[in-house]
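Trainee: Please take me through this one slowly. I'd like to know what stands behind the terms.

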Amino acid sequence: MKRVIGAVLGAALVLVGPVPTSAAAAPPGLTTLGTAGWTVLSSATATQGGAKISTPGFDTSSWLKVQPDDGGAPGTEITALLQNNKCPDVFVADNMKKCFGTQKKNSGPVTTAQFATPWWFRTDFSAALTSGQSASLIVNGVVGKADVWVNGKEVATSTTVTGAYTKFTFDVTGTLKSGNNSLAVEMYPNDPSKMLTMDDVDWSQLPPDNNTGIQFPIQLLVQNALSVGNAHVVQNNNADLSSSKLTVKADVTNGGSSSQTGTATATITPPSGGTPITVTQNVTVAAHSKATVTFPVQTISHPQVWWPYQMGAQPMYTLDTTVTGGNTTHEQFGIRTITTALIGKAPAAPDGVRQYSVNGVPFVVRGGGFAPDLFLRYDSSDVSRQVALLKNMGLNVIRLEGHLPPDDFFQQMDRAGMLIDSGQQCCDFWETPGTAAATLSLLTLSAQTIGENERDHPSVFTYSWSDNEPSAKVETAELNGFKAADFSQPVISSAEYKSSPQLGASGEKEGPYDYVPPNYWYDTSHYDSGSDRTNAGGSWGFDSEESAGDTVPTLDSINRFLSASDQSNLWQNPSFNQYHANYETGHGGYKFGTLFTFDTALTNRYGQWSDLASYVQEAQVQNYENTRAQFEAFLDHSTNAAAPSTGTIYWQANKGWPTLLWDLYNYDGDQAGSFFGAKKANRSLHALFAIDNNTVTLDNLSGGTQSNVSVEAKVYDTNGKVLDDQGVNGLSLTPQQVRNAVIKPKVPTSTPGNVYFVELLVKQNNTVVDRNVYWQPTKQDAVNWSSTLGNPQATMTTYGDLTGLKSLKAATVSATADTTTAAGPDGADRETKVTITNTSTTPTVGFFLRADVRRGTAAGGEQPGDNQVTSTLWDDNDITLWPGESQTLTVSWKSADLKGASPVVSLSGWNVGKIDVKG
C-alpha cells in the first residue's frame, strides 16, 4: 500500500515505517536530489520497468547524462538531448523542427513520436538514518504526470503525481537503505488540455516534447522526532507604515511513534544587521501528526519598508525558525502593503478600472510579460542579466502567466525591486478544468503551493486568473488553497473585463496583439462592446497584455538565428511564414507567422526599402515610436477622471527563444528599437509629446520630489528650420506625479516632406536630464474603428506619411569614447562614455543615431564576424541631434566579452554613415 501524504492540501505529515540503522545520523533538513547529475532515456529504449530501473546499481552507462539547472532540476526531455549534443544550434533557423519535429496543437497532447511515450529520469543518492529519524520524498510538481520509484518500490503513481505547481510528500523511511539509494521517475507526456501544467500557447514555437519533465528539484526531507517547516510571516501594517505587526507561523511535525513536546523558536533579523527579535512557543505534537504554531505577535515600530526600485529601497528581513532537536529553516521577507481598487466609471468601464497602490502610493503599472527559456532551463545568471535589462528599460512590473520559475527568480526580483503580476495560464485546462472532485482538489493544492511559494516575496503584488474568469466551484477551490497558504495579496478574477462570484469585477482588459499605429494608444473613446473588452487597447484602464506585434531585431541579432533564406524573405517577402514568428501556432481565430501587417504599415508610412539593412533600419524606427507611444499614452492619460489609464503590460518583454514576434529585447539580449523606445518612455523624470492633443506632459516616476525642473519644446521641419520654441521653468513634481499640458507647441499643418520634428529637453538644475525627439506626419494615421474593434490589429483608413524622412540630407557627426574601469549592474566592470556631436555645417538633423560596443582590432576597426559586445547597458541610444548639439551616452559592459580584443564603439544612423571610434 502506498502512503501518500499531502495529495490534497500539501501537508508535510510523514508516516514512519521500519527504520534503517547506520553508524551516524543524517543531519535533519532538506536535501536536493540529483545535484551530481541524472540519467535520462525514453521508455521506448529503457524497457526494464521501474522495479529494475530504480534498483541501486542499475546500469545507465548508455543513458543520456544530464546536469541539473540552477534551480536544481534535471529539466525536460529535450534538455537531456541538448546536453548530449543531439541538436547543435537548436534555435538557429528551423533546426528545432528538423531535430525533433513539430508540436502541432496548442494545449494538446504531444504529437511528435519520440516524445509521445514516457521517459525515465534517474539519479542515485546516499542516505543514513538512525533510530528515531524518518525520511520523506518531496516531489515539487512535474510537467506531465509521473510514476515515482525508490529502490525498486513504487512509492507513487501518475494518478497522484501531476500538476506543475503541486507539492507531494511521500514516506520513504522504510524504503531507504544505508548507503546508496536510487530514485527513478517515469514521466508521462504533458497534455495541457487535460493537466494543470503549462504550455506556450502562441508565444513561441511549441517545444516538441511539450516541456515534459521535472521543472523543480525533488528533495529528501530527513527528520528527527520533531521538525519545522512552512514558516512564514503574516503582516498587519499600519496605513502609514509607522508600525508593522508581524505574526510568525510554522508547522511542527512529529515523525515519531509517540507524542513529543518541544520548543519552537522564531528569530526575525532586521536588514543591515539590526537587533534580532526572538520569540519562542512550546508545542506538543501527537505521534505521526502536525501542529501549526502561531507565535505571539511582534510589533516593529518604524519598520524598514520595501519599495519598487524606482520608488525606494528594498530592505529584506530574515526569518529563521527551529524546533528542539530538529532542523532550521531560513527565508526572507519584505515589509510593504499592496492595495487595489476599482476607480473611475465610463461607458467603456462600467465597473471601473483596476488600480494598484504600494505603501499607500498609487502607481501606473508599466510592465512586460515574462517568458522562461523555451525548454525550462533555469539559469540564475541569465535571470540576473534580464533583471538588469528590465530595470534599464524602466519597467516596474513583469507578468508571469502560468510559467512560475524557481524560488531564486523571486529572490532576485525581491532584491531588484521588480514587481511581479503572477497568475495562471490561459487557453488550456487551467481555464476549463470542470468540477470533478479530484480536479478541484488538485486546484486547491496548486493554489496552496503557489501561495506558499510566493506569499513572503514582496515583489509579488497580485495573482490573477487569465483570459476566462473561474466558475463558482473552481473559484472556491483555489481561494481555499490561497487561504490555507496565508496568501494575502490581491487575487483578480480575470485578465479580461470579466467578473466572478466572490472576487467580483476584474477591471482589466486585453489586446491588441498585432500592428496598430502610435496614435491608437492615445484613443480613449473607442472600445469593444463585448463584455470582456478584448482588443480595446487604447489608454484607458488596466491592460493586462498588449502590443503592436512584430519586433524586428538588429542585424547583429538577426545574423545569429535566421538563415540566409530567412533573411532574404524577411525583407523581400512579407507573406513568408517565418518559423521564428510562430507560423505553426495561433489560436482563437488568428494566426501569426508572417510580418505582413507590420510590413504593410512600414511600407506605407516610411516607404519601400532596398535591402535587408534598410528594411531593418526602418523597422527599428517604427518599433521605437510604437513602444514609446504605448507606455507614454498610459502615463499621459493616467490623470483622466472617468476611466484613467492605470497600467499597460507589453506583450511580451522577452521570449524563451530568438523571435520576430512580441518582445522588447531578444533571447540574446539584443536591444533593438523597441527596447530603446520603451526605455525612453519610462525614464524617471520625463517629458512626453501627447500626439492626441499636441501638448507636453511631464512625469516623475521616482520616489522623491523633483524640483527646479524646466522643459523646452522645439519644433523643426526636415530642413532644420525652427518653427516653434517654447519653455517653462521652475516646475516641481511629487513622487509619481503626472502633469499634463505644461506646454502646447505650435505644430505645422504642412511642411517640406510632410514631416516635422518635436524635440523636448528636460533640465534639472540647468543640466539636461532627458532628451526626447518625435518625428510626426502632418497628417496622422487614421484607424477604421468600426473594423478594428474586437480584432487583434488595426484596420487602417489611411497611414501617416513619414516617407519624407527618406529625403533627409546626410548629416555629419563626430564621436569620442573614453573607457574606464567601473563596477556596474549585472557584474559589469567597464564603463564607456560616448560623446556624439552633430558637426554638420548646414541645419541637418542627425536622425536615429545608434552606438554599439564591439570587439575591435589594434588599428581601431572592427573584428570580422559577430563582434557585438552583448553585455551592454546604455543610459540612452537611438538618439537624434541637430547641428551644434551634443549628447554623452554612458554604457556599462563586461570586459570578458571582449575575448582579448580592444573595444571599439560603432556609430551609425538613418542619414549618417557608419564610423568606428576606439573605446
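Trainee: Which residue in E39 stands opposite Asp699?

Mentor: Val738 stands opposite Asp699. Before we go on: this is a predicted model, where local features need pLDDT of at least 70, side-chain atom pairs count only at pLDDT 80 or more, and totals for chains, interfaces and linings use all residues. Residues are numbered from 1 along each chain as its sequence is written, and side-chain values use heavy atoms, with hydrogens and water left out.

Trainee: What makes E36 and E39 a pair?

Mentor: Two strands pair if DSSP finds at least two bridges between them. Strand E36 (residues 695–700) and E39 have 3 bridges, in the antiparallel sense, so the pair meets that rule. Strands (E, at least two residues) and helices (H or I, at least four residues) are DSSP runs, numbered from the N terminus.

Trainee: Which strands are at the edges of that open sheet?

Mentor: The open sheet has 3 strands in the order E35-E36-E39, with antiparallel pairing. Strand E35 (685–690) and strand E39 (738–743) are the edge strands, each pairing on one side only. From one strand to the next, the twist averages 30°, taken between N-to-C directions on a scale from 0 to 180 degrees, with axes as lines fitted to C-alpha atoms (for helices, over the stretch in contact). H11 packs on this sheet, touching E35, E36 and E39, and its direction makes about 95° with that of E35. Touching here is contact, defined as heavy atoms within 4.5 Å.

Trainee: Why are H10 and H11 called roughly perpendicular?

Mentor: The axes of helix H10 (residues 596–606) and helix H11 (residues 612–636) come within 10 Å and cross at roughly 95°. Angles of 65 to 115 degrees count as roughly perpendicular, under 35 as roughly parallel, over 145 as roughly antiparallel and the rest as oblique. H10 and H11 are therefore roughly perpendicular to each other.

Trainee: Which residues in H10 and H11 meet?

Mentor: From H10, they include Phe598, Leu602 and Tyr606, and from H11, Tyr615, Val621 and Glu625 are among them. By class, the contact has 7 nonpolar, 2 polar and 4 charged residues. Ala, Val, Leu, Ile, Met, Phe, Trp, Tyr, Cys and Pro count as nonpolar, Asp, Glu, Lys and Arg as charged, and the others, Gly among them, as polar.

Trainee: What makes a space a cavity and not a pocket?

Mentor: Both are found on a 1 Å grid over the protein atoms alone: in a cavity a 1.4 Å probe fits but cannot get out, while a pocket is an open set of points with protein on both sides within 12 Å along at least five of seven lines. Lining residues have an atom within 4 Å of a point. A volume is the space filled by probe spheres set on the grid points, which are joined across faces, edges and corners.

Trainee: Which residues are closest to the centre of the largest cavity?

Mentor: Pro518, Glu625, Ile691, Tyr774 and Gln776, out of 15 lining residues. H11 and strand E41 (767–777) each supply at least two residues of that lining, which divides into 8 nonpolar, 2 polar and 5 charged.

Trainee: What gives the most to the lining of the second largest cavity?

Mentor: Strand E46 (residues 846–856) does, with 3 residues. This cavity has about 90 Å³ of space and 16 lining residues, with Gly669, Gln671, Arg850, Gln868 and Thr872 nearest its centre. E46 also runs antiparallel to strand E50 (residues 902–909), joined by 7 bridges, and Arg854 has Val904 in E50 as its bridge partner. A hairpin then joins E50 to E51 through 2 residues.

Trainee: How many residues does H4 give to the lining of the second largest pocket?

Mentor: H4 gives 6, the most of any contributor. The pocket has a volume of about 800 Å³ and is lined by 38 residues, with Asp382, Gln386, Tyr667, Asp668 and Gly669 nearest its centre. Its lining counts 16 nonpolar, 10 polar and 12 charged residues.
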